[in-house]
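Keep the structure open and turn it as you read.

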Amino acid sequence: QVQLVESGGGLVQAGGSLKLSCAASGRSFTSDPMAWFRQAPGKEREFVAAMSRSGRTGYGDSVKGRFALSRDDAKNTVYLQMNSLEPEDTAVYYCALAGGPNFSTLTYYTDERKFRYWGQGTQVTVSP
């Protein structure tokens with residue numbers, strides 16, 4: 001059974017930082033592309049950041065230069081470092097794993113339809 005568990009969310013003032021974690025079991029980030037998405041109240045789910053099997057990364061325009069992905073393969077965990085947080089970053093953040101066969105090591109995806117497995121989400125709230 002594939003399971004993704006997000007953690008690290010919380011309340012922070014504008015300009016502050018948070019580091020989210022996504023721990024996977026059942027499948028590995030070395031064999032499956034992954035991504036972070038977020039969803040704010042009343043809004044549709046939005047792409048945040050993605051990573052290929054090899055560690056190549058891509059970011060949504062709204063977070064580029066402020067957020068950064070990293071990975072610890074020994075712990076099968078991906079991290080999302082979020083700096084210079086803004087109230088507009090307030091949302092539930094979800095970790096997603098593609099979960100398909102034979103992915104390229106270089107390819108990452110930004111379309112939520114590419115992802116089969118999803119975590120339960122972690123709340124990030126940024127106060128003005």
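Let's begin in the middle. The largest nonpolar core has 27 residues, and the ones that touch the most other members are Phe29, Trp36, Leu80, Met82 and Tyr93. A nonpolar core here is a set of buried Ala, Val, Leu, Ile, Met, Phe, Trp, Tyr and Cys residues joined through side-chain atoms within 4.5 Å. Buried means under 20% relative accessible area, exposed means over 50%, and partly exposed is in between (1.4 Å probe, protein chains only). Two or more residues of this core come from each of β3 (18–25), β4, β5, β7 (67–72), β8 (77–82), β9 and β11 (122–127). Strands are DSSP runs of E, at least two residues long, numbered from the N terminus. Nonpolar side chains tend to be buried together in soluble globular proteins. Apart from this core lies another, of eight residues, including Phe47, Ala50, Ala96 and Ala98.

A word on the ground rules. This is a predicted model, where local features need pLDDT of at least 70 and side-chain atom pairs count only at pLDDT 80 or more, while totals for chains, interfaces and linings use all residues. Residues are numbered from 1 along each chain as its sequence is written, and side-chain values use heavy atoms, with hydrogens and water left out.

Now look at β8, where five of the six residues are buried. Which strands does it pair with? β8 pairs with β3 in the antiparallel sense over six bridges, and six bridges also join it to β7, again antiparallel. (Two strands pair if DSSP finds at least two bridges between them.) Met82 in β8 is the bridge partner of Leu18, and Phe67 stands opposite Met82 too. The β7 and β8 strands form a hairpin with four residues between them, and Asn76 in that turn has a positive phi of about 50°.

Next, the rings. There are five aromatic pairs in the structure. Rings of Phe, Tyr and Trp (its six-membered ring) pair if their centres lie within 6.5 Å; planes under 30 degrees apart count as stacked, over 60 as edge-to-face, and the rest as tilted. Phe37 and Phe115 have ring centres 5.5 Å apart and planes at 75°, so that pair is edge-to-face. It ties together distant parts of the chain, 78 residues apart: Phe37 sits in strand β4 (residues 34–39), and Phe115 in the loop between β9 (91–97) and β10 (117–118). Phe115 also pairs edge-to-face with Trp118, at 6.5 Å centre to centre and 75° between the planes. Buried or partly exposed? Phe115 counts as buried at 6% relative accessibility, whereas Trp118 is partly exposed, at 28%. Ring pairs link Phe37, Phe47, Phe115 and Trp118 into a cluster.

Trp118 has a charged neighbour as well: Arg45 lies over its face, 4.4 Å from the ring centre. A charge sits over a ring if NZ of Lys or CZ of Arg is within 6 Å of the ring centre and within 35 degrees of the ring normal. Lys19 does this with Tyr79, at 4.7 Å from the ring's centre.

Finish at Glu46, in strand β5 (residues 46–51). Glu46 is partly exposed, with a relative accessible area of 32%. Not counting residues up to four places away in sequence, it touches Trp36, Phe37, Arg38 and Ser62.

Methods:
Contact = heavy atoms within 4.5 Å.
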